[in-house]
Amino acid sequence: MANITKKVSWSSRADESGATGERTPLLNGSEQTSHSRQPSEGGSVFQIGRLSTVDLEEEITSDEESLRGRPKEIPHTEKLLSLKYESLDYDNIENQLFLEEERRMSYMGFRCLEISRWVVCGLIGFLTGLIACFIDIAVEQLAGFKYQVVKTNIEKFTEVGGLSISLLLWAVLNSAIVMLGAIIVAFFEPIAAGSGIPQIKCYLNGIKIPRVVRLKTLVVKVCGVICSVVGGLAVGKEGPMIHSGAVVAAGVSQGRSTSLKRDFKIFEYFRRDTEKRDFVSAGAAAGVSAAFGAPVGGVLFSLEEGASFWNQMLTWRIFFASMISTFTLNFFLSIYHNKTGDLSSPGLINFGRFQSDSVAYNLYEIPLFIAMGAIGGLLGALFNILNYWLTIFRIRYVHRPCLQVMEAMLVAAVTAAVSFTMIYFSNDCQPLGPEHTEEYPLQLFCADGEYNSMATAFFNTPERSVRSLFHNQPGSYNPLTLSLFTLTYFFLACWTYGLAVSAGVFIPSLLIGAAWGRLFGILLASIPSNGSIWADPGKYALIGAAAQLGGIVRMTLSLTVIMVEATGNVTYGLPIMLVLMTAKIVGDYFVEGLYDIHIKLQSVPFLHWDAPATSHWLTAREVMSSPVTCLNRIEKVGTIVDTLSNTSTNHNGFPVVVQVSGTDEPAKLCGLILRSQLIVLLKHKVFVELARSRLTHRKLQLKDFRDAYPRFPPIQSIHVSQDERECMMDLTEFMNATPYTVPQETSLPRVFKLFRALGLRHLVVADDENRVVGLVTRKDLARYHLGKHGLEELQLAQT
């Protein structure tokens with residue numbers, strides 16, 4: 001897949017960590033960076049550019065190159081990596097302050113912390129369930145009102161003529177509602193656009209996405225998804241629940257709101273990236289559970305994105321949050337439906353119960369299911385490719401907020417016009433039985449006692465349309481209706497995903513798959529078999545829905561369990577698993593999954609589970625950035641300020657070195673310190689001279705660092721006088737004295753495993769005498785994820 005040269009951001013706001021007016025350069029050399037190997041201020045700091053290039057011609061001779069068979073340039077497909085995204089510190093900083101606090105804590109203190117984690121997870125599940133309940137009730141009420149108004153208008157003008165007025169009313173209502181949702185997203189919080197699943201995947205992967213877990217993002221997300229669904233777009237409200245749950249978790253676990261500037265002085269121990277990540281995993285799982293009524297599926301969803309960080313107790317806490325979320329949603333929905341205590345509503349999407357005779361399948365149907373999985377993979381690949389090029393078009397031409405709002409309104413109007421046209425020209429009339437399940441049946445030109453079958457699919461919320469395709473009796477749809485619906489809804493959903501609105505792709509994918517799956521079942525049922533209908537259309541609609549969703553998002557384990565839990569029947573566990581695996585295999589042959597495509601389009605340094613298969617010939621020497629900006633253990637304040645103020649580098653981790661007194665040997669590694677720690681030290685003026693002059697000098701504690709987390713002040717806001725610049729700062733107590741290090745000859749797969757398994761942000765490369773020779777960061781590794789196309793380039797370069 002071709003790289004694009006224009007940068008796109010999930011948020012139109014400037015990165016808060018960067019300087020004002022600073023551009024966002026790319027790691028393809030599109031922005032010039034200055035490289036200087038000259039030491040500054042005593043020779044303790046070496047300045048390097050943010051772009052770490054690999055030039056093997058400087059590292060090895062031509063004889064060595066021919067011997068080792070390496071290409072002159074490392075080929076890779078990840079050439080565009082945005083420097084606005086920073087990594088999260090998932091590895092605990094074990095400095096003296098941290099170790100002293102842990103050693104002072106008693107066994108009872110640790111037990112209280114564990115109880116607090118369970119309490120936080122319970123709150124996350126409860127609040128996520130409440131948000132899901134609010135979204136569900138709001139969508140049902142507003143959508144019901146809209147469809148009732150349009151239905152009444154259509155029935156009125158069907159008799160007297162002038163249905164064009166009904167079309168205009170439908171289009172205007174859709175556009176007005178979607179306009180409201182698009183305005184709050186495009187102008188107030190662009191990060192709330194889409195489902196939010198790619199952003200949460202990146203967060204759990206260890207990447208800090210600006211503003212992704214803010215309270216403002218949550219409010220815009222909830223209001224935006226209500227407007228999107230009520231506005232009739234080809235979207236679902238289930239995907240954004242995952243993002244909403246993650247935001248709730250990030251806020252509750254910190255015991256304060258930085259947006260509201262309220263600190264409740266609770267859960268202060270959890271104010272660090274390691275703990276926050278665990279709770280965000282629980283929030284994402286609670287969102288899945290509330291959306292699909294699938295607690296186990298929610299746990300597995302978070303497991304797929306952050307398995308390397310998990311332990312047994314964390315797994316149980318995440319499952320607990322998922323169960324609380326489902327229970328809360330069911331309980332309050334039972335009150336809303338005047339069935340208090342009836343906990344039979346599993347989630348926002350209810351597939352309904354499949355009858356035992358309809359879910360039965362035979363061995364000879366397994367190949368048919370696998371074939372449907374292949375079809376789903378092909379259609380999913382087509383969907384992703386079309387959406388990829390459409391997204392590139394939006395990046396280049398529809399990047400202003402006003403244009404984004406206008407596009408969303410256009411899509412809403414076109415969706416209403418296409419839906420009305422399909423219903424108007426459809427002559428698929430079905431009898432309206434006494435126990436009909438259609439929420440808003442439209443008669444139009446059908447005879448009395450009949451309804452328009454096409455209207456069942458279009459003139460409804462997507463969730464209800466999916467359920468009708470699963471459970472309506474055989475003969476409820478004719479093949480032409482399903483064919484036209486699949487074709488039109490496929491392109492509408494593809495056009496809709498990526499708009500500046502809060503929306504998910506789960507339900508549209510299920511609806512497309514259910515339509516062509518039911519069509520597949522109808523065609524199979526036309527084959528005579530002893531005079532009986534052996535292919536139940538609802539059964540094949542379910543398989544088609546799974547195939548289409550798997551072909552688009554490429555999730556296997558968690559999606560299998562989600563589908564099984566949503567249907568309430570484990571009978572289809574094996575067919576759904578086979579279908580999803582087949583769809584993923586076939587789809588991956590052509591293009592990546594939809595979420596991975598959008599992550600790559602944002603130029604995010606995303607680390608996959610495994611290193612490239614042919615990367616063993618690469619070592620840490622070729623991957624690392626060098627020379628490295630190092631600080632002395634006792635460093636001059638002016639040197640630290642100048643290092644942090646250098647916008648051409650903007651490093652976030654600095655190896656700390658110590659010079660052996662009385663010798664001329666090079667300085668050796670003794671620790672690692674972060675930019676955020678240095679800023680806190682400068683803010684509190686932890687200088688050696690001031691500590692000696694003060695009689696009652698308060699010792700800096702971990703609480704001071706936690707109070708500044710996560711919005712550490714920029715270095716520009718720290719005032720340091722000229723006299724203070726001459727002071728010295730002792731980093732011994734605050735640096736991580738035991739950073740992870742590797743020798744230069746460490747293979748890339750081993751370095752990759754260390755990053756993914758330990759959640760590292762920096763990995764120091766040292767020589768045999770413990771001298772710093774380089775530093776490996778996430779961006780250094782992300783650039784060398786070759787993939788299929790990179791492997792072809794590599795083989796071509798070697799031949």
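Which residue just after helix 22 takes a positive phi? S603 does, with a value of about 60°.

## Basis of the model

The model is predicted; local features need pLDDT of at least 70, side-chain atom pairs count only at pLDDT 80 or more, and totals for chains, interfaces and linings use all residues. Residues are numbered from 1 along each chain as its sequence is written, and side-chain values use heavy atoms, with hydrogens and water left out.

## Helix 22

Helix 22 spans residues 594–601; helices are DSSP runs of H or I with at least four residues, strands are runs of E with at least two, and both are numbered from the N terminus. Six of the eight residues in helix 22 are buried, that is, under 20% relative accessible area with a 1.4 Å probe and protein chains only. These are L594, Y595, I597, H598, I599 and L601.

## A strand hairpin

Strand 15 (residues 762–766) pairs with strand 16 (residues 772–777) in the antiparallel sense over five bridges, where pairing requires that DSSP finds at least two bridges between the strands. L763 stands opposite V776 in strand 16. Five residues lie between the two strands of this hairpin, and N770 in the turn has a positive phi of about 65°.

## Residues lining the largest cavity

Strand 12 (residues 668–674) gives the most to the lining of the largest cavity, with three residues. This lining divides into eight nonpolar, five polar and three charged residues; Ala, Val, Leu, Ile, Met, Phe, Trp, Tyr, Cys and Pro count as nonpolar, Asp, Glu, Lys and Arg as charged, and the others, Gly among them, as polar.

Note on methods
Buried means under 20% relative accessible area, exposed over 50%, partly exposed in between (1.4 Å probe, protein chains only).
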